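Q: Can we go through this one together? I'd like to look at the aromatic rings and the helix packing.

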Amino acid sequence: MKTQRKRCSWCTSSELYQKYHDEEWGVPVYDDKTLFEFLILETFQAGLSWITILNKRENFRAAFDAFDYIKIANYTEAKIQDLLQDPGIIRNQLKIRSAVSNAISFIKIQVEFGSFSKYIWDFVDGKPIINNRKNISEVQATTPLSDAISKDLKKRGFKFVGSTVIYAHMQATGMVNDHTEDCWKAPQHQ
């Protein structure tokens with residue numbers, strides 16, 4: 001009989017959630033393209049559930065040129081109008097337009113810091129914050145650090161990057177590890 005892995009309780013509702021949890025959530029990401037992908041997906045998630053975004057992730061990837069921030073920074077009004085008609089993504093005009101302006105701001109950070117990865121990981125001295133959470137109720141939606149990063153990104157022209165979005169981004173990209181202690185991905189089990 002196959003033993004079922006114990007996972008964080010938030011991801012047990014679907015195989016897609018479990019795959020995301022097991023393979024991506026909390027794994028450190030240092031690649032600018034992947035960091036940008038998660039940033040865009042998290043901004044589209046604002047006000048929605050993460051499973052909604054995961055279910056549309058491949059559609060987002062196709063619609064947004066595989067999250068190529070250079071292409072996105074140069075989107076024309078015609079392209080934006082096409083995206084507003086795409087039923088495979090979240091057709092929120094403000095979020096679509098913010099993807100374009102966020103791509104422009106993302107590139108400016110790359111120029112200033114050498115990479116977005118260097119900029120964002122400097123907030124945690126280049127290594128993940130390991131939280132030892134007993135259960136999901138101990139995982140907060142924001143922290144003073146996500147507040148600070150959110151404030152700095154907004155100052156640099158980013159939109160839809162409130163503290164909750166940024167903390168979710170930090171979790172998704174492994175800047176923080178919030179796997180609960182009973183989860184097979186918890187630091188003490190690795």
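Q: Before we start, what counts as partly exposed here?
A: Partly exposed is the range between buried, under 20% relative accessible area, and exposed, over 50%. Keep in mind that this is a predicted model.

Q: Where does Trp 10 fall, then?
A: Trp 10 has a relative accessible area of 21%, so it is partly exposed.

Q: And Trp 25, buried or exposed?
A: Buried, as its relative accessible area is 8%.

Q: How many aromatic pairs are there?
A: The structure holds 18. One of them joins Trp 10 and Trp 25. Their ring centres are 4.8 Å apart and the planes stand at 70 degrees, so this pair is edge-to-face.

Q: Which parts of the chain does that pair link?
A: Distant ones. Trp 10 is in the segment before α1 (15-23), and Trp 25 is in the loop between α1 and α2 (32-45). The two are 15 residues apart.

Q: What about Tyr 20 and Phe 38?
A: That pair is tilted, because the planes are at 50 degrees, with the centres 6.4 Å apart. Tyr 20 belongs to helix α1 and Phe 38 to helix α2, so the pair ties together parts 18 residues apart in sequence. Tyr 20 and Phe 38 are both buried.

Q: Which rings form a cluster?
A: Ring pairs join Phe 36, Tyr 69, Phe 106, Phe 113, Phe 116, Tyr 119, Phe 123 and Phe 158 into one.

Q: Which charged ends sit over rings?
A: Arg 5 has its charged end over the ring of Trp 184, 3.6 Å from the centre. The charged end of Lys 79 is over the ring of Tyr 75, 5.1 Å from the centre.

Q: Switching to helices. How do α2 and α6 pack?
A: They pack at an angle of about 150 degrees, and their axes are 11 Å apart. Helix α6 covers residues 93-113.

Q: Why call them roughly antiparallel?
A: Angles over 145 degrees count as roughly antiparallel. The α2 and α6 pair therefore gets that label. Their crossing is right-handed.

Q: Which residues make the contact?
A: From α2, they include Asp 32, Phe 36, Ile 40 and Phe 44. From α6, they include Lys 95, Ile 96, Ala 99 and Phe 106.

Q: Last one. Where is Asn 177?
A: In strand β2, residues 176-177. Asn 177 counts as buried because its relative accessibility is 9%.

Q: What does Asn 177 touch?
A: Leaving out residues up to four places away in sequence, Asn 177 touches Ile 129, Ile 130, Asn 131, Lys 185 and Pro 187.

Conventions:
Residues are numbered from 1 along each chain as its sequence is written. This is a predicted model: local features need pLDDT of at least 70, side-chain atom pairs count only at pLDDT 80 or more; totals for chains, interfaces and linings use all residues. Side-chain values use heavy atoms; hydrogens and water are left out. Rings of Phe, Tyr and Trp (its six-membered ring) pair if their centres lie within 6.5 Å; planes under 30 degrees apart count as stacked, over 60 as edge-to-face and the rest as tilted. Helices (H or I, at least four residues) and strands (E, at least two) are DSSP runs, numbered from the N terminus. Buried means under 20% relative accessible area, exposed over 50%, partly exposed in between (1.4 Å probe, protein chains only). A charge sits over a ring if NZ of Lys or CZ of Arg is within 6 Å of the ring centre and within 35 degrees of the ring normal. Axes are lines fitted to C-alpha atoms, for helices over the stretch in contact, and angles run from 0 to 180 degrees between N-to-C directions. Angles under 35 degrees count as roughly parallel, over 145 as roughly antiparallel, 65 to 115 as roughly perpendicular and the rest as oblique. A crossing is left-handed if the near helix is turned anticlockwise from the far one by less than a right angle, and right-handed if clockwise. Contact means heavy atoms within 4.5 Å.
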